[in-house]
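Please look over the sequence and the model below before reading on.

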Amino acid sequence: MVNSMTGFAAAQGAAEGVRWSWEMRGVNGRGLDLRLRFPEGYGALETEARAAATKRLARGSVTIGLRLAQDGGATLAVPTEGQIDTALTAIAGIETQAQKRGLTLAPVRATDLFWLRFGEGSGEDAGKNERLNAALGASFRDLLDAFCAMRESEGKALKDVLEERLGRTKILVEQARSAAGERGAQVRRAIDAALQRITEATDTVDPERLSQELALIGIKSDVAEELDRLDTHIEAANELLGQSGPMGRKLDFLIQEFNREANTLCAKSQDKALTAIGLDLKLVVDQMREQAQNME
């Protein structure tokens, strides 16, 4: 199974006189970066959601948002005057401590007070809160399932594209190997020209210098090692795609090696046909990198 790092899911529900809506969005990230935006007073639910998401996700920048509102048919639970006074005093104390540390807090809205938990309340209130938290937890699990299903679906599409690009890369490597074999005459002419430069420069040919010059030409023109390494990289990439679990970073590193070999191939080609193949190869490698960077 191959997963994408991008995804989106939404869910709505209602229970105990409260309506809610969830949103979960994921984009690319170097590691796993979870950002949870929950109303005040739902720390336990936030902890539960973070633990569940961490267990299911390995990479990506993921934002989870929860919005709550009073159900239209429910009676608004208004805090008492004493509860409001206590809450405002506590908020003022927090703001004072924050200012001493050079921190500026966002302004508190009146509607924020409705979602504060004012003590344990009556047994009936505690029961409602427990049932609401249970319903929200179940709704979040459904949200997480939908989010992971979308990432899996997109991951399958990414895998299909990468396998097609790897097949194209293999064809280009074979074409490059054939073109390199056909340019033997050109390489021979380059060697003859090098020999002529040496003999024209001096009456006495230094055998050691001659050997060095010929070896340098051979190294500069031989692309067999680059093509062999590309074959190895193609095999390794296909093996990675056949595994389960996060593989995006490994694949990204491997594609960097693809690009290095393609660059060297172009630099050493000294042949129009081989250079054209090398440029096509660089384009395909760049397309693979774009896809790999979306994978978990």
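Trp 22 and Phe 38 are both buried, where buried means under 20% relative accessible area, exposed means over 50% and partly exposed lies in between, with a 1.4 Å probe and protein chains only. The model is a predicted one, in which local features need pLDDT of at least 70, side-chain atom pairs count only at pLDDT 80 or more, and totals for chains, interfaces and linings use all residues. Residues are numbered from 1 along each chain as its sequence is written, and side-chain values use heavy atoms, with hydrogens and water left out.

The structure holds two aromatic pairs. Rings of Phe, Tyr and Trp (the six-membered ring of Trp) pair if their centres lie within 6.5 Å; planes under 30 degrees apart count as stacked, over 60 as edge-to-face and the rest as tilted. For Trp 22 and Phe 38 the ring centres are 5.5 Å apart and the planes stand at 70°, so this pair is edge-to-face. Trp 22 belongs to strand 2 (residues 18-27), while Phe 38 sits in the loop between strand 3 (32-37) and helix 1 (43-56), so the pair ties together parts that are 16 residues apart in sequence. Helices (H or I, at least four residues) and strands (E, at least two) are DSSP runs, numbered from the N terminus.

Trp 22 also forms an aromatic pair with Phe 140; this one is tilted, with 5.2 Å centre to centre and 50° between the planes. The link is between distant parts of the chain, since Trp 22 is in strand 2 and Phe 140 in helix 3, 118 residues apart. Trp 22 has a relative accessibility of 1%, and Phe 140 is buried at 3%. Through these ring pairs Trp 22, Phe 38 and Phe 140 are linked into a cluster.

Which residues have the most contacts inside the largest nonpolar core? They are Leu 251, Phe 258 and Met 295, in a core of 31 residues. A nonpolar core is a set of buried Ala, Val, Leu, Ile, Met, Phe, Trp, Tyr and Cys residues joined through side-chain atoms within 4.5 Å. At least two residues of this core come from each of helix 3 (123-182), helix 6 (224-241), helix 7 (248-268) and helix 8 (272-292). Helix 3 supplies the largest share, eight residues. A second, separate core has 26 residues, among them Ala 15, Val 18, Tyr 42 and Leu 57.

Phe 258 can be followed through its contacts (heavy atoms within 4.5 Å). Residues up to four places away in sequence aside, Phe 258 touches Leu 166, Thr 169, Leu 230, His 233, Ile 234, Ala 237, Val 285 and Met 288. Phe 258 is one of the buried residues of helix 7, which also include Gly 248, Asp 252, Asn 259, Glu 261 and Lys 268. The 21 residues of helix 7 should span 30 Å at 1.5 Å a residue, and the end C-alpha atoms are 30 Å apart, which agrees; the expected span is 1.5 Å times one less than the number of residues. After helix 7 comes Gln 270, with a positive phi near 50°.

Cysteines come next. A disulfide is a pair of cysteine sulfur atoms within 2.5 Å, and by this rule the count is zero. Cys 148 is buried at 13% relative accessible area, and Cys 266 is buried at 18%. Cys 148 is found in helix 3 and, neighbours within four places in sequence aside, is in contact with Arg 56 and Leu 57. Cys 148 and Ala 53 are 95 residues apart in sequence, with their C-alpha atoms 9.6 Å apart.

Side chains of opposite charge can pair when their charged atoms come close. A salt bridge is a side-chain nitrogen of Lys or Arg within 4 Å of a carboxyl oxygen of Asp or Glu, and the whole structure has 17 of them. In one, the closest N and O atoms of Lys 156 and Asp 160 are 3.5 Å apart. These residues are four apart in helix 3 and so are separated by about one helical turn. Lys 156 is exposed at 54%, whereas Asp 160 is partly exposed at 39%.

Arg 177 and Glu 174 form a salt bridge at 3.1 Å, N to O; both lie in helix 3, three residues apart. In helix 7, Glu 257 and Arg 260 are three residues apart, about one helical turn, and their closest N and O atoms are 2.5 Å apart in a salt bridge. Glu 257 is partly exposed at 29%, and Arg 260 is partly exposed at 43%.
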